[in-house]
Amino acid sequence: MKKFLLSLIALGVLVFVALFTFALWPTSTPALSASASIDQALIDKGRYLADAGDCTACHTTKGGQPFAGGLPIASPVGTLYSTNITPDKDTGIGKYSLDEFDRALRHGIAANGDSLYPAMPFPSYARASDDDVRALYAYFMQGVEPVKAENRANDVPWPLSMRWPLAIWRKVFAPAPQAVAFDAARYQDPQIARGAYLVQGLGHCGSCHTPRALTLQEKALDESGSEYLAGGPVIGGWLAVNLRANPADGLGNWSADDIVATLRSARSETHAVLGGAMGDVVVHSTQHLNDADLHAVAAYLKSLPPSAHSVSSFKADPATAKALQAGQESGRGAELYVDNCAACHRTDGQGYQRVFPKIAGNSSVLSQDPVSMIRLVLTGSKLPATATAPSELGMPGFAWRMSDEEVAQLLTFIRSNWGNQAPAVKASQVAELRATLPKP
């Protein structure tokens with residue numbers, strides 16, 4: 001038995017050494033050659049692609065200089081701080097060669113050899129083409145103002161702060177660019193192919209909208225996986241919603257024009273208005289895309305079949321509207337709705353187009369996890385100002401005037417009337433989220 005245990009331990013050590021060596025083995029990519037001259041057209045293309053990739057969102061802190069980093073990012077291992085990606089030669093990426101830039105962007109390896117945390121969406125960026133990487137490099141080196149700003153150390157306790165496990169994670173879960181080079185021929189429609197390239201690659205939509213495994217990798221990186229874009233984790237108190245064709249909690253009842261309007265202005269005529277984290281995405285990224293690319297994204301999303309995990313449904317029912325209009329308020333949830341919500345969202349739950357979203361059939365209202373709705377009632381939200389819709393209309397928070405039980409009763413009423421059918425909300429769910437919010 002003793003010999004057997006010693007043999008088992010030795011085998012384990014050998015496996016560990018093999019994995020460790022494999023992880024640290026240099027990642028190879030066919031060398032990218034930098035052009036001798038970079039023209040303005042290439043820089044402009046890079047600027048557009050940086051918008052598509054929403055680089056501003058993570059690499060610009062509130063009130064800070066563009067791309068100078070310093071934004072705190074909550075992660076399961078601690079707080080990460082985004083880095084300076086301006087071309088400053090001392091504190092930024094000004095000394096990066098094109099190949100080093102590519103290794104960071106598509107492989108998750110910094111110039112000093114450290115593996116990046118997957119808060120940087122390099123598993124998605126791996127799909128970016130060589131030409132697009134060159135354009136991004138041109139923009140960041142010659143189209144961005146250098147800012148001298150020292151990078152802030154991550155607030156990650158030891159031993160989670162050690163980088164070598166990240167190298168193993170990267171080798172096991174992050175695809176090599178040559179293995180996932182985007183193949184437009186997979187798609188019969190060129191418009192859908194373009195949308196797939198944007199959504200899967202620089203848009204990195206799956207980073208938020210795809211569920212993750214216990215080992216924190218996305219469960220799918222494209223539509224070949226049934227859970228791709230089926231709804232992701234809670235980020236900053238907001239749920240990343242289902243983007244597949246489920247009719248209740250997904251995009252099944254959205255038209256392509258609804259999707260385009262929402263990505264352009266954070267508002268649509270017939271469906272949701274956006275706030276929270278997705279509102280920032282519209283402001284910094286999607287509103288800057290051209291019409292062709294927005295329609296391509298919409299076409300690709302509309303091509304995805306429904307997820308198998310939906311627990312909600314919707315079938316329009318006028319009974320609730322008739323009862324409320326007749327002054328019949330059955331239960332505390334109905335009373336709270338009439339007193340606090342009906343002025344904007346109306347007793348028929350239809351709201352007002354492009355201003356106050358409808359509640360009847362709203363995919364966010366019908367999400368399996370009600371966390372976004374709880375957050376919205378407690379803290380309120382504000383429509384972002386965009387180029388095509390500059391008004392910053394908002395909804396107040398009601399944390400100060402509603403108990404956990406009342407918020408749960410209100411949301412349960414909203415999620416089970418006008419034809420909505422979604423799971424009830426519990427007071428314990430409200431209390432759990434309330435405990436994470438700053439004290440007033």
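This is a predicted model: local features need pLDDT of at least 70, side-chain atom pairs count only at pLDDT 80 or more; totals for chains, interfaces and linings use all residues.
Trainee: How far apart are the mean positions of the positive and negative charges of the protein?
Mentor: They sit 5 Å apart, with 37 positive and 40 negative charges. Lys and Arg count as positive and Asp and Glu as negative, while His and the chain ends are not counted. Each charge is placed at NZ of Lys, CZ of Arg, CG of Asp or CD of Glu.

Trainee: OK, big picture. How many helices and strands are there?
Mentor: The protein has 18 helices and eight strands. These are DSSP runs numbered from the N terminus: helices are H or I with at least four residues, strands are E with at least two.

Trainee: And why call the protein as compact as a globular protein of that length?
Mentor: Because its radius of gyration is 24 Å, close to the 22 Å from the globule rule for 440 residues. The radius is taken over C-alpha atoms, and the rule is 2.2 Å times the number of residues to the power 0.38. The C-alpha trace spans about 70 × 70 × 50 Å along the principal axes.

Trainee: How much of the protein is buried?
Mentor: Buried residues are 45% of the 440. Buried means under 20% relative accessible area, exposed means over 50%, and partly exposed is in between, with a 1.4 Å probe and protein chains only.

Trainee: Switching to salt bridges. How many are there?
Mentor: The count is 18, taking a salt bridge as a side-chain nitrogen of Lys or Arg within 4 Å of a carboxyl oxygen of Asp or Glu. One of them joins Glu-227 and Lys-219, with the closest N and O atoms 3.9 Å apart. Glu-227 is partly exposed at 24% relative accessible area, and Lys-219 is partly exposed at 44%.

Trainee: What does Arg-332 pair with?
Mentor: Arg-332 bridges to Glu-335, closest N and O atoms 3.3 Å apart, and also to Glu-406, at 2.9 Å from N to O. The Glu-406 pair links distant parts of the chain, since Glu-406 is in helix H17 (residues 404-414) and Arg-332 is in helix H14, 74 residues apart.

Trainee: How are Arg-332 and Glu-335 placed in helix H14?
Mentor: They are three residues apart in helix H14 (residues 332-340), which puts about one helical turn between them.

Trainee: Which residues are linked in a network of salt bridges?
Mentor: Arg-127, Arg-186, Asp-222 and Glu-223.

Trainee: Now the backbone. Where is there a cis peptide bond?
Mentor: Between Trp-158 and Pro-159, with omega about 10°. Pro-159 lies in the loop between helix H6 (130-142) and helix H7 (164-173). As background, most peptide bonds are trans, and most residues other than glycine have a negative phi.

Trainee: Which residues other than glycine have a positive phi, say one or two?
Mentor: His-204 has phi near 35°, and Ala-266 has phi near 70°. His-204 is in the loop between helix H8 (190-200) and helix H9 (206-209), and is buried at 16% relative accessible area. Ala-266 is in the loop between helix H10 (256-265) and helix H11 (276-284), and is buried at 0%.

Trainee: Last one: what does Leu-437 touch?
Mentor: Leaving out residues up to four places away in sequence, Leu-437 touches Arg-375, Leu-378 and Thr-379, where contact means heavy atoms within 4.5 Å. Leu-437 and Leu-378 are 59 residues apart in sequence and 9.2 Å apart C-alpha to C-alpha. Leu-437 is in the segment after helix H18 (427-434) and is buried at 14% relative accessibility.

Key. Residues are numbered from 1 along each chain as its sequence is written. Side-chain values use heavy atoms; hydrogens and water are left out.
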